[in-house]
Amino acid sequence: MKNIIAPSLLSANFGNLEKDIEMLNASQCTWFHLDVMDGVFVPNISFGMPVVKDIARLAKKPLDAHLMIVNPDKFIDSFAKLGVEYLTVHLEACTHLDRTIAAIHTAGMKAGVAVNPHTNVSLLEDVLDQIDLALIMSVNPGFGGQEFIPHSVEKVRKLRKMIDESGSKCLIEIDGGINCDNVGMLAAAGVDAFVAGSSVFGSKDPAQTIAFMANA
Ligand code: DX5
Ligand code: ZN
């Protein structure tokens, strides 16, 4: 089975986003990964609704939005209206995660929960039957182009076991430092979906890089 590849637009050319979106539309990628940062939850600001709106208009594939923001509940309806399919919030940013997941579903989207490198995946146990996606951050969130944290592989294996034993249909996504050299190993460890920013947009032939990753 092919790997789900979700290129992160954070590494795209914002001076000509349409060109990169068209490249992705024609490529073997599965989703568009949108990194929304607020400068509070993470030490960086990326983009917000107006940019997501334009991406949604041009993208021919599902939008996978990764909210690195505090109080994500405030924006659930806005992302639903823009046509986002997977809405992922950070476990560390949600005091009432169960309520947030329910609100994402009520708004008609699939719900994802992300965990930072220091957060044990066992904390997902009590929501595994409710979520559609679990995102393991393999770098500290906030910036593209960082190095993959090796300990993330163990986290993937542990979460894979938890999901398989629970019978949950939740997908495992990994985000940060993903490239052609580690996709195959991570797929074998149990990852379903791969976010890749700099390794895709920084390569000579992004569509070919995506094709390689999809089939690794
Ligand atoms: C980091 C973001 C990532 C980032 C990945 O905070 O969540 O999605 O864009 O970038 P690379 O693939 O370059 O590590
Ligand atoms: Zn991301």
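1. Basis of the model. This is a predicted model, in which local features need pLDDT of at least 70 and side-chain atom pairs count only at pLDDT 80 or more, while totals for chains, interfaces and linings use all residues. Residues are numbered from 1 along each chain as its sequence is written, chains are lettered from A and ligands numbered from 1 in the order in which they are written, and side-chain values use heavy atoms, with hydrogens and water left out.

2. The zinc site. At distances of 2.0 to 2.3 Å, the zinc ion (ligand 2) is coordinated by His33 through NE2, His66 through ND1, and Asp35 and Asp175 through OD. Donors here are N, O and S atoms within 2.8 Å of the metal (3.2 Å for Na, K and Ca), and water is not among the atoms, so sites may look incomplete. Along the chain, the donors of the zinc ion (ligand 2) are spaced as H-x1-D-x30-H-x108-D.

3. Geometry of the site. The zinc ion (ligand 2) has 6 donor atoms, with angles of 68 to 168 degrees among them, and its site is octahedral. Six donors count as octahedral if opposite donors are over 155 degrees apart and all others between 65 and 115.

4. Buried means under 20% relative accessible area, exposed over 50%, and partly exposed in between, with a 1.4 Å probe and protein chains only.

5. Ligand 1. The surroundings of ligand 1 comprise 20 residues, of which the closest are Asp35, Gly142, Asp175, Gly197 and Ser198; a residue is counted if one of its heavy atoms lies within 4 Å of the molecule. Oxygen atoms of ligand 1 have polar side-chain atoms of Asp35 at 2.7 Å, of Ser8 at 3.0 Å, and an N or O atom in the side chain of His66 at 3.2 Å. Of the 390 Å² of accessible area that ligand 1 has on its own, the protein covers 100%, the areas coming from the Shrake-Rupley method with a 1.4 Å probe.

6. Helix α8. In helix α8 (residues 206–214), the buried residues are Pro206, Thr209, Ile210, Ala211, Met213 and Ala214. Helices (H or I, at least four residues) and strands (E, at least two) are DSSP runs, numbered from the N terminus. The elements that cover these buried residues include β1 (4–7), α1 (17–26), α6 (183–189), β8 (193–196) and α7 (198–201). Thr209, which is found in this helix, is buried because its relative accessible area is 11%. Neighbours within four places in sequence aside, Thr209 is in contact (heavy atoms within 4.5 Å) with Cys180, Ser199, Val200 and Ser203.

7. Gln28 sits in the loop between α1 and β2 (32–37) and is partly exposed, with a relative accessible area of 34%. Although Gln28 and Ala211 are 183 residues apart along the chain, their C-alpha atoms are separated by 5.6 Å. Apart from neighbours within four places in sequence, the contacts of Gln28 are Lys2, Lys61, Ile210, Ala211, Ala214 and Asn215. Its side chain makes polar contacts with the side chains of Lys2, at 2.6 Å, and of Asn215, at 3.2 Å. A polar contact is a pair of N or O atoms within 3.5 Å; within protein, one must be able to donate a hydrogen and the other to accept it, and residues adjacent in sequence count only if both atoms are side-chain atoms.

8. Gly177. The loop between β7 (171–175) and α6 holds Gly177, which is partly exposed because its relative accessible area is 22%. Gly177 and Ala196 are 19 residues apart in sequence, and their C-alpha atoms are 7.3 Å apart in space. Not counting residues up to four places away in sequence, Gly177 touches Val139, Gln146, Phe148 and Asn182.

9. Asn71 lies in the loop between β3 (63–68) and α3 (76–81), is partly exposed at a relative accessible area of 46%, and has a phi near 50 degrees, a positive value in a residue other than glycine. Cys94, in the loop between β4 (86–90) and α4 (97–106), counts as buried at 11% relative accessibility, and its contacts, leaving aside neighbours within four places in sequence, are Pro72, Val89 and Thr100.

Conventions: Four donors count as tetrahedral if all angles lie between 85 and 135 degrees; four count as square planar and six as octahedral if opposite donors are over 155 degrees apart and all others between 65 and 115; anything else is irregular.
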